[in-house]
Amino acid sequence: MNKPLLAALAALVITGAGAAPAMAAPERAAAPSAPTASTAAQASTASAADAPALKAVDFAGTVALSNCSGSVIRFPDSDDNAPALVLTNGHCLETGFPEPGEVIVDQSSRRSFSLLSSYGYRIGTLRADKVVYSTMTDTDVTIYETTRTYAQIRSRYGIEALTVADTHPVAGTAITVASGYWRRLYNCNIDGFAYRLKEGDWTWKDSVRYTPSCNTIGGTSGSPVIDQATGKVVAVNNTGNEDGETCTVNNPCEVDENGNVTVREGINYAQETYQIPACFTSGNRLDLSAGDCVLPKP
């Protein structure tokens, strides 16, 4: 995982991870060329003449947590007077990593978030009143409800929430991973998708794989992955293979439909978010029983 910052700095070893289940022998992918992290809000140039116009993504709408990154999000149907939501990773939850199969809903929280301007300056503090949803099963997300509405945040800080796209991301899309913790932007493309991504005891479905220039680090966990053409969130940054190991913590492996394993050292990943809007009402109330909601349930 792109570890929470304290774990990254201390190089802590996470214990208790069980052995991976029996799989086909791993195929080791060719090592990628050395990536260079982008530190400017400059969009990539589309290679095809008919590619959509790209936008320079900045930090507006992102937040810094005590140990991770995140963003203020809304859904296509969210009401302006609904309580604003903050998205980060399940493994950034302040009470610790959710266990495999565990889903947390409506858990009290008093977590605070530093709200950033477009230039990455802290312009205010948002506070949570609860964890609406958190899991590391099938995906890696935590969604907090804050004490302010979108209208209140806009009025006080001039910041618009980032909209979560409700359609599946597309390979080749130019993206920006915007880390509120580091005030750093990584520009690259969606290289493809991992049918299953396994890391320690956790398994995630249909994960986004980046091209090498998004070489995210500890503290970038929970960063929104933003489509440069639409400005919408298409995924949440969460992990990368650091040492070339197979399916261990901090060294996720890809598993295809036939159980074949591929290791891509130095490559980083995110979890798709297009499934989330179907699980929320216009008032941002979680409804896991909604017909189109496929998020794991408690």
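The largest nonpolar core has 46 residues, and V72, L85, F113, L115, I153 and F280 touch the most other members. Strand 3 (69-74), strand 4 (83-88), strand 5 (103-108), strand 6, strand 7, strand 8 (141-149), helix 2 (150-157) and strand 14 (233-240) each give two or more residues to this core. Strand 7 gives the most, with 5 residues. The model is predicted.

**Cores**
- F280 is one of the core residues that touch the most other members. Leaving out residues up to four places away in sequence, F280 touches F75, L85, V132, I143, R285 and L286.
- Another core lies apart from the largest one. This other core has 13 residues, including I175, C214, V234 and A235.

**Helix 2**
- Y150, I153 and Y157 are buried in helix 2. Down the helix axis, the buried residues fall within an arc of 65 degrees, so they line one face of helix 2.
- An α-helix has 3.6 residues a turn, so residues three or four places apart point the same way.
- S155 and R156 are exposed, on the other side of helix 2.
- The cover over the buried residues of helix 2 includes strand 3, strand 4, strand 6, strand 7 and strand 8.
- I153 also belongs to the largest nonpolar core, among the residues that touch the most other members.

- D206 is not a glycine, yet its phi is positive, at about 50 degrees. D206 sits in strand 12 (residues 202-210). With a relative accessible area of 24%, D206 is partly exposed.
- C247 is also a residue other than glycine, and its phi is positive, near 65 degrees. The loop between strand 14 and strand 15 (253-255) holds C247. C247 is buried, with a relative accessible area of 6%.

**Surface patch**
- Y119, Y121 and I123 make a nonpolar surface patch of about 390 Å².
- Y121 is in the loop between strand 6 (112-116) and strand 7 (122-135). Y121 is exposed, because its relative accessible area of 58% is over the 50% cut-off.

Technical notes:
Residues are numbered from 1 along each chain as its sequence is written. This is a predicted model: local features need pLDDT of at least 70, side-chain atom pairs count only at pLDDT 80 or more; totals for chains, interfaces and linings use all residues. Side-chain values use heavy atoms; hydrogens and water are left out. Patches are made of residues with over 30% relative accessible area and no salt bridge: like charges are joined within 9 Å, nonpolar side chains (Val, Leu, Ile, Met, Phe, Trp, Tyr) within 5 Å. Accessible areas come from the Shrake-Rupley method with a 1.4 Å probe; for residues, only the protein chains shown count as cover. A salt bridge is a side-chain nitrogen of Lys or Arg within 4 Å of a carboxyl oxygen of Asp or Glu. Helices (H or I, at least four residues) and strands (E, at least two) are DSSP runs, numbered from the N terminus. Buried means under 20% relative accessible area, exposed over 50%, partly exposed in between (1.4 Å probe, protein chains only). A nonpolar core is a set of buried Ala, Val, Leu, Ile, Met, Phe, Trp, Tyr and Cys residues joined through side-chain atoms within 4.5 Å. Contact means heavy atoms within 4.5 Å. The arc is that of the directions from the helix axis to the C-beta atoms.
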